[in-house]
Amino acid sequence: MRFSIAACLTALAAPIAAASIANGQAPSLVKRGDDDNKVPGDSPLELCPGDHSKDLVEISNVDLSPNPPKPGQELLIKASGVVKEKIEEGAYVLLTVKYGLIRLISTKASLCEQVENVDLKCPLEEGKVEVTKSVDIPNEIPPGKYTVLADVYTEDDVQITCLTATVSFTRGTSILGLEL
């Protein structure tokens, strides 16, 4: 099974609107508590704990439809944000995907290769970015709780953003094709 920045985060949320979406969730935040880093919009995306005032990407909104994603269905991702500084070739994502406590993926991927999945190209210029992407979620995703962590950096190890999302996939009982 091949994972990259467009399927994991499309299946489990979209990590950065302006910079990537994973294969296969910056300080414009909705605050509910002192440590709540929820990304605005209808998605399970959150900023990683810590200071994001110097992040190179500010995420304005991420909406998933349906939220949560459902196996065998199309997932529509709409995301918007602002790139604060030009992002060049060499930027990378440290991506970790866990199924419960089991680490499925721990990889380093080229951000510039991954943004092509959402019709963007490097260098990513300063300014507003909007992404709309439709992805088919495989029906074969095993039920369970998945956690994605995407830590994104420039070639010089300057943090672009860090995002996390948790999604639980369930299997419903169906009668005549209708999920109960």
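Modeller: Number the bonded cysteines of the chain in sequence order, and the pairing reads 1-4, 2-3. Keep in mind that this is a predicted model: local features need pLDDT of at least 70, side-chain atom pairs count only at pLDDT 80 or more, and totals for chains, interfaces and linings use all residues. Residues are numbered from 1 along each chain as its sequence is written, and side-chain values use heavy atoms, with hydrogens and water left out.

There are two disulfides, a disulfide being a pair of cysteine sulfur atoms within 2.5 Å.

Take C48 and C162. Their sulfur atoms sit 2.0 Å apart. The angle about the S-S bond is -70 degrees, a left-handed link. C48 lies in the loop between β1 (46-47) and β2 (57-65), and C162 in strand β8 (residues 159-169), so this bond ties together parts 114 residues apart in sequence. Helices (H or I, at least four residues) and strands (E, at least two) are DSSP runs, numbered from the N terminus. C48 and C162 are both buried. Buried means under 20% relative accessible area, exposed over 50%, and partly exposed in between (1.4 Å probe, protein chains only).

Now C112 and C122. Here the sulfur atoms are 1.9 Å apart. This link is left-handed too, with -85 degrees about the S-S bond. C112 belongs to helix α2 (residues 111-115), while C122 is in the loop between α2 and β6 (127-136), 10 residues apart. Both of these cysteines are buried.

Next, the nonpolar surroundings. A nonpolar core is a set of buried Ala, Val, Leu, Ile, Met, Phe, Trp, Tyr and Cys residues joined through side-chain atoms within 4.5 Å. The largest one has 38 residues. V39, V62, I87, L111, L120 and I160 have the most contacts inside it. Two or more residues come from each of β2, β3 (74-83), β4 (92-99), α2, β6, β7 (144-153) and β8. β8 gives the most, with five residues. β8 is also the strand that holds C162. In soluble globular proteins, nonpolar side chains tend to be buried together.

One last stop, away from the cysteines. K84 lies in the loop between β3 and β4. K84 is partly exposed, at 30% relative accessible area.
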